[in-house]
Amino acid sequence: AAGADGEVLFAAFTGKAAMVMRAKGCTDASTIHSLIYRARERDEETPSFELWPDSPAADARLIVIDECSMVDAELGRDLMSFGVPLLVLGDPAQLPPIQGGGFFTEAEPDAMLTEVHRQAENDPIVRLSMQIRAGERLAPGDHGSAQVVRRADLDPQRVLAADQVLVGRNATRRAYNARMRARRGFEDPLPLAGDKLVCLRNNKRKGLFNGSLWQVAQRRARKSGVLALRLTPDEGAGRPVKVSVRPECFTGALEELDWSLRKRYDEFDYGYVLTVHKAQGSQWDDVVLFDESFAFPDSRERWLYTGVTRAAKRLTVVLP
């Protein structure tokens, strides 16, 4: 990128991955979606977007895409339609998009990096990830900074102390989030000061990205029932933000609302426990991963590999 004769743009599939890119020096990294599409305002449940022919991508000399395994065929073709050279980076062993296989990772790469640089080669987390890639099943054992345990042997305090808990199914996510809140003494079904939330929908104007994590600093309920929340970034970096959130986000009734009643508000859910799919593009020092790979028979190894590699320093994998 440093040798490109002209503007270099950086982008990733998720807002979280774009934030990681910016933190690592990729100036103004954005989501691919915001880079190449523009919104058409329509009063329907799913807002409509169209390709933006005159976007900054059209004048770039190079576009660098991270976490490219998340890019599906439609998005990949739209990226290539600008005729600008693409440098795509990613791990072909990670999960593809929910809509289908990874557009770029299905093809043979121009270069395959085989040496481990992000984490030390003798790191137990890396060794576990390599076992998974080789098709080996994980067995209970203590590997230092990485442990594999049966659910019956799991210490609940280990879960409470982790930076992030990951699961496979949304039903598990909802149940475990409720349990985590109860363990912390939160009895109100609606978020309170100190609660951890995950953003469910982008709001670029406020710096909110789908999958980003936040802490509730203050809650105020309006007469309408809508929650006025003051949030701070969970990682501690960045500015506080004020959001208006419908209570249905936390009571399970959000999908029953018409889009016209939802679109003016920001959307969040509890973020103590995330699915591995939602966690893609993020990484935490200390992770507890509940192995629900059985729920994904067509991508079992990829799901488990993606979950394991979300941990940077400490990992506990909980077997069924």
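## Strand 6 and L87

Helices and strands are here DSSP runs, numbered from the N terminus, a helix being H or I over at least four residues and a strand being E over at least two. By that definition, L87 belongs to strand 6. The model discussed throughout is a predicted one.

With a relative accessible area of 38%, L87 is partly exposed, because this class lies between the limits of under 20% for buried and over 50% for exposed. L87 is the bridge partner of V64. The C-alpha atoms of L87 and C68 are 9.6 Å apart, with a separation of 19 residues along the chain.

Three bridges, in the parallel sense, connect strand 5 with strand 6.

Further along the order, strand 1 pairs with strand 5 (residues 62–66) in the parallel sense over five bridges, and A12 stands opposite D66 there. Strand 1 is also joined to strand 2 (residues 30–31) by two bridges, and these strands too run parallel. On this side, A12 stands opposite T31. The chain passes from strand 1 to strand 2 by way of helix 1 (residues 15–23), in a β-α-β crossover that is right-handed.

## Burial of strand 1

Strand 1 comprises residues 8–12 and is mostly covered, with five of its five residues buried. The cover extends to both faces of the strand: V8, F10 and A12 are buried on one side, and L9 and A11 are buried on the other.

## Loop residues around the sheet

D28, in the loop between helix 1 and strand 2, has a phi of about 60°. E67 has a phi of about 50° and is placed in the loop between strand 5 and helix 3 (73–80). The accessibility of D28 is 67%, in relative terms, and D28 therefore counts as exposed. E67, by contrast, counts as buried, at 14% relative accessibility.

A57 is found in the loop between strand 4 (48–51) and strand 5. Its relative accessibility is 0%, so A57 counts as buried. A57 and E7 are separated by 50 residues in sequence, and the distance between them is 9.4 Å, C-alpha to C-alpha.

The protein is divided into three parts: domain 1 (8–88), domain 2 (124–167 + 275–318) and domain 3 (185–270). Taken over C-alpha atoms, the centres of domain 1 and domain 3 lie 25 Å apart.

V149 is located in strand 8 (residues 146–150). V149 has a relative accessibility of 18% and therefore counts as buried, since the limit for that class is under 20%. The C-alpha atoms of V149 and T316 are 7.3 Å apart, although 167 residues separate the two along the chain.

## The second largest pocket

Which domains each supply at least three residues to the lining of the second largest pocket? Both domain 1 and domain 2 do so. Among the secondary-structure elements, helix 1, strand 5, strand 6 (86–88) and helix 4 (124–133) each contribute at least two residues to this lining. Helix 4 gives the most, with five residues. By class, the lining has 24 nonpolar, 12 polar and 10 charged residues.

Terms used: Residues are numbered from 1 along each chain as its sequence is written. This is a predicted model: local features need pLDDT of at least 70, side-chain atom pairs count only at pLDDT 80 or more; totals for chains, interfaces and linings use all residues. Side-chain values use heavy atoms; hydrogens and water are left out. Buried means under 20% relative accessible area, exposed over 50%, partly exposed in between (1.4 Å probe, protein chains only). Two strands pair if DSSP finds at least two bridges between them. A crossover is right-handed if, with the strands pointing away from the viewer, the path from the first strand over the helix to the second runs clockwise. Ala, Val, Leu, Ile, Met, Phe, Trp, Tyr, Cys and Pro count as nonpolar, Asp, Glu, Lys and Arg as charged, and the others, Gly among them, as polar. Domain bounds come from an automatic or database domain assignment.
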